[in-house]
Amino acid sequence: MEIEGVFFLAAGYGRRDEPLTYIRPKALLPFGDTTVLRRLAGQVRSVCPRRVGINASRCPEALLKEIFAVWQEDMCELYFEERPLGASATLARNVDVLDTGTWMVVNTDMIIEDFDAIGLVEHHRKTQSTWTALTGDFPPDGNYSPLLIDEDMKFGCGGIQRTHYWGVSLMEPSVPVAAAKIQASGGMFSELASMVAAEGSRLTACRGRGMWLDMGRIDILRRNILSGGSFIHPTACISSDVSLEGVWNIGRGCILGSGTFLRDSVMLDGASLENGSLCESILPWFCSSQDGEFV
């Protein structure tokens, strides 16, 4: 199932997750005992990419560290963006990299619980598609723009069936080449897909299994992080009389003071709860709270 490469999209302002994303990008949010990015990297490792790329506008060293945990460093390359360009413009800017073969392009603001990366590649080759988008059920909450497909599972050429794009695509070289040709700056599906389809290319949707969890919406972020189970990082400092209830995720270097109480909450790396309680909330990275302000 070897492909040319995997390209992770990790740049962006993260406005939907503010204030959490003032310090770090969404790709570094926790999920269980790992991060969103490292979990995605572990899932797509099965397709044996020859190369791995990641774009970033903040915390490039921290992002590289996550993919170095999965692949050898000499396979990986960082593509820094002084300001976030958007997915289509990133494809255009890096066309010299992405026109070398089949690339899997992966958003890094979601969790796919049961991601069959090999199955996606098999579908792409079986259908001889130029562009294959992984789609699935809409999440139970939130308003998401649909990706419209026709009766043959094709997109970019009309259609009335509503599907939900799960943030993963397989692309042949003609897709980033088209993005560079038009200097694409809009959405991948609102601008780029229609042009590629108009050139006679086959663009198909591949149905995914399992659940898709949004890590880009502050209103459901805590619940989705905690669906990965309870976790306490070994470097966290927790007083012996702390009370923990429900499910929790306590990150690297966190501090919980004497007598504090934590229930169904997330403490991101470096956060500290000096006294009081934190209930059904999130403490941002390196935030100090005396009594668990809600985020």
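Helix H8 spans residues 218–226, and its buried residues are Ile220, Leu221, Asn224, Ile225 and Leu226. The cover over these residues includes strand E2 (30–31), strand E12 (209–214), strand E15 (243–250), strand E17 (261–267) and strand E20 (282–283). The model is predicted, and every value here is computed from it.

**Overall form**

The chain holds eight helices and 21 strands. Its C-alpha atoms fill a box of roughly 65 × 40 × 30 Å along the principal axes. The radius of gyration is 20 Å; a compact globule of 295 residues would have one near 19 Å, so the chain agrees with that expectation. Of the 295 residues, 52% count as buried. Among contacts with a separation of 6 or more, 61% are between residues 24 or more positions apart. The accessible surface comes to about 12,800 Å², and carbon and sulfur atoms account for 49% of that surface.

In soluble globular proteins, nonpolar side chains tend to be buried together. Here the largest nonpolar core has 50 residues, of which Phe8, Ile67, Trp71, Met104, Phe115 and Val168 touch the most other members. Helix H1 (residues 36–44) gives the most to this core, with five residues. A second, separate core has 28 residues, including Ala92, Ile149, Phe155 and Leu203.

Leaving out residues up to four places away in sequence, valine 168 touches Met104, Val105, Val106, Met110, Ile112, Phe115, Leu120, Thr132, Ala133 and Leu134.

**Aromatic pairs**

Across the whole structure there are eight aromatic pairs. One of them joins tryptophan 131 and phenylalanine 189, with 5.5 Å between the ring centres and 25° between the planes. This pair counts as stacked because its angle is under the cut-off of 30 degrees. The partners lie 58 residues apart and link distant parts of the chain: tryptophan 131 is in strand E8 (residues 131–136), phenylalanine 189 in helix H7 (residues 188–198). Trp131 and Phe189 also belong to one aromatic cluster with Phe155 and Tyr165.

**Accessibility of selected residues**

The residues discussed above and below compare as follows.

| Residue | Relative accessible area | Class |
|---|---|---|
| Tryptophan 131 | 0% | buried |
| Threonine 204 | 1% | buried |
| Threonine 130 | 13% | buried |
| Phenylalanine 189 | 24% | partly exposed |

Phenylalanine 189 is partly exposed because its 24% lies between the cut-offs of 20% and 50%.

Threonine 204 lies in strand E11 (residues 203–207). A polar contact of 2.8 Å joins its side chain to that of serine 129. With residues up to four places away in sequence not counted, threonine 204 touches His123, Thr127, Ser129, Trp131, Thr132, Ala133, Met153, Lys154 and Phe155. Two of these, Trp131 and Phe155, are in the aromatic cluster.

Threonine 130 is placed in the loop between helix H5 (117–126) and E8. Its C-alpha atom is separated by 8.2 Å from that of proline 173, 43 residues apart along the chain. Apart from neighbours within four places in sequence, threonine 130 is in contact with His124, Leu170, Met171, Glu172, Ser174, Val175, Val196, Ser201 and Arg202.

Terms used
Residues are numbered from 1 along each chain as its sequence is written. This is a predicted model: local features need pLDDT of at least 70, side-chain atom pairs count only at pLDDT 80 or more; totals for chains, interfaces and linings use all residues. Side-chain values use heavy atoms; hydrogens and water are left out. Rings of Phe, Tyr and Trp (its six-membered ring) pair if their centres lie within 6.5 Å; planes under 30 degrees apart count as stacked, over 60 as edge-to-face and the rest as tilted. Helices (H or I, at least four residues) and strands (E, at least two) are DSSP runs, numbered from the N terminus. Buried means under 20% relative accessible area, exposed over 50%, partly exposed in between (1.4 Å probe, protein chains only). A polar contact is a pair of N or O atoms within 3.5 Å; within protein, one must be able to donate a hydrogen and the other to accept it, and residues adjacent in sequence count only if both atoms are side-chain atoms. Contact means heavy atoms within 4.5 Å. A nonpolar core is a set of buried Ala, Val, Leu, Ile, Met, Phe, Trp, Tyr and Cys residues joined through side-chain atoms within 4.5 Å. The radius of gyration is taken over C-alpha atoms; the globule rule is 2.2 Å times the number of residues to the power 0.38. Accessible areas come from the Shrake-Rupley method with a 1.4 Å probe; for residues, only the protein chains shown count as cover.
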